[in-house]
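Let's take a walk through this model together, beginning with the overall fold and ending with a few individual residues. Keep the view open as you read.

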Amino acid sequence: MSAKKFAFDSPDEAIAAIADRLSVVGIQSEPQSCLGRVLAQSVTADRDSPAADVSAMDGYAIRMSDLRPGETIPVHGESAPGTPPPTMSKGSLVRIFTGAIVPNGADAVVKREDTEELENAIRFRDVALSTQPGENIRRAGENAKAGSTVLPAGVLVNAAHRATMVNFGGYHASVYSSVRVTVITTGDEVGVFADEAPQPWQLRNSNQVALGSLIEPNPWISIQAVHHVRDDRETLQQSLVTAIDQSDAILMTGGVSMGDYDYVPDVVREVGGDVVFHGLPIRPGKPILGAATANGKLILGLPGNPVSAVVGCRRFALPLLAKQSGQTEWNPPSTQVRLRSPGTKTLPLHWLRIVKMVETGIAEPVFSQGSGDLVSLGQSSGFVEVPANESGEGPWSYFPW
Ligand SMILES: Nc1nc2c(c(=O)[nH]1)N[C@H]1C(S)=C(S)[C@@H](COP(=O)(O)OP(=O)(O)OC[C@H]3O[C@@H](n4cnc5c(N)ncnc54)[C@H](O)[C@@H]3O)O[C@H]1N2
Ligand code: MOO
């Protein structure tokens, strides 16, 4: 056996290693809504943006040669949004509105407040005399030329992207299929117990709800199935075989450490999972198991302890699922926060410490009795990652729930 205790020294290294083994899901064209989905094809401009030279201000379209102090210059016609521009006759100006097309022959737009407005004529105020050619004109194609790429494939579509897409006629988009996830919780002691009180040796299935709640808000993931299985090797194996067949990723909790009923590591191998790591230098969640199937599906065995399970799902499962979803930026840089009252304790492991954000950029550790403490978990807004053997206020990477 190697002297090295863990296959990887940090969460980032473990994530990178397993990410390399995962496949990206297939393509689904034209979903009902592409919001929160991942673009499978780039979006191209169907025309120049802007489509023509347009005014950036309400004012007057002028020829530079008409820009003379003190003179009264007649206004002939107007260019309003939604209409083609008028022709501009020599020696006169055209009244123009923001977004309207600049008439042929005009060199610049002078803001109306820089003029003295008379009946069908204006005089330039002194401030207008320094107007430069092209001022207040947005040139055709200055944002994008027709045919150029305005959004690349691999983008997770948000409100801003949708605005861009629709501007170029992208009402429908080809997106990646959502990543199908099966959640399998394990343990004879675990149940729902909604209407009856659990016995002291029983507890409610908080992991199922916590994992589902991290996944559900993301339209690029879909929950294929949710199972709870007893600590029985055969049943677990059957569930895992079905899950691998029907989904792209399997998230399991419990049964991953050293106990006599901890079948997950063996069963994952038996069903063809190639274990990339079993155990990482993190607290909580040290016994975590990460595996990939030969065809690039993810199997993550999260420890059963409720804080370990939810921290592991946030830190490992979400970025790896994002990789499978086709997102180019599947592991974006995390927000950095400073800790208030961090204490001096250090751990020889990366400490995924639950905290609550208290001010912009500042988080406070939540008092915690450990990885089974669902009360402290409920007081947290996320966790910070304090690297092994370090302490202090940071800044540290912050992972919100
Ligand atoms: N000899 C060793 N024992 C343990 C080690 C070790 O290295 N050597 N590691 C400890 C650590 S750290 C953790 S974390 C746990 C993880 O163990 P398992 O993944 O095998 O989890 P279980 O034993 O099945 O459960 C642990 C704990 O969590 C509760 N649980 C399980 N499932 C759920 C659920 N769905 N909802 C709520 N709570 C759940 C379960 O009842 C246990 O209390 O192992 C240590 N032991
Ligand atoms: O690392 Mo475990 O997750 O202590 O509870």
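The chain is built from seven helices and 26 strands, where helices (H or I, at least four residues) and strands (E, at least two) are DSSP runs numbered from the N terminus. Its radius of gyration is 30 Å, well over the 21 Å that the globule rule gives for 401 residues, so the chain is more spread out than a compact globule. That radius is taken over C-alpha atoms, and the rule is 2.2 Å times the number of residues to the power 0.38. Along the principal axes, the C-alpha atoms fill a box of roughly 95 × 50 × 50 Å.

A word on what you are looking at: this is a predicted model, in which local features need pLDDT of at least 70 and side-chain atom pairs count only at pLDDT 80 or more, while totals for chains, interfaces and linings use all residues. Residues are numbered from 1 along each chain as its sequence is written, and chains are lettered from A and ligands numbered from 1 in the order in which they are written. The average pLDDT (the predictor's confidence in each residue, from 0 to 100) is 96, and 99% of the residues score at least 70. The model has an ipTM of 0.97 and a pTM of 0.94.

How is the chain divided? There is domain 1 (11-26 + 177-324), domain 2 (54-138) and domain 3 (335-400), with bounds that come from an automatic or database domain assignment. Between domain 1 and domain 3, the C-alpha centres lie 24 Å apart. Here 16 residues of domain 1 are in contact with 15 residues of domain 3, contact meaning that the C-beta atoms, placed from the backbone, lie within 7 Å. On the domain 1 side, strand E19 (282-283) and helix H6 (306-324) each supply at least two residues, and H6 gives the largest share, seven residues.

Now turn to the ligands. Around ligand 1 there are 27 residues, of which Asn207, Gly254, Ser257, Pro303 and Gly304 come nearest; a residue counts as near if its C-beta atom, placed from the backbone, lies within 6 Å of the molecule. Helix H3 (206-215) provides the largest share of this shell, three residues, and H6 supplies at least two. The residues around ligand 2 are Arg283, Pro284, Gly285, Lys286, Pro303, Asn305, Ser308 and Ser371. Within that list, Arg283 and Pro284 are joined by a cis peptide bond with omega about -5°, and Pro284 sits in the loop between E19 and strand E20 (289-292).

Another cis bond runs from Gly394 to Pro395, with omega near 15°. Pro395 belongs to the loop between strand E25 (382-386) and strand E26 (396-400).

Asn136 has a positive phi of about 65° and lies in the loop between strand E9 (121-124) and strand E10 (137-138). Is Asn136 buried or exposed? It counts as buried, with 21 C-beta neighbours inside 10 Å; the cut-offs are 20 or more other C-beta atoms within 10 Å for buried, 12 or fewer for exposed, and partly exposed in between, with C-beta atoms placed from the backbone. Phe193 also has a positive phi, about 50°, and is partly exposed, with 13 other C-beta atoms within 10 Å.

Finally, find Glu116 in strand E8 (residues 115-118). Glu116 is exposed, with 12 other C-beta atoms within 10 Å.

Conventions
Two residues are in contact if their C-beta atoms, placed from the backbone, lie within 7 Å.
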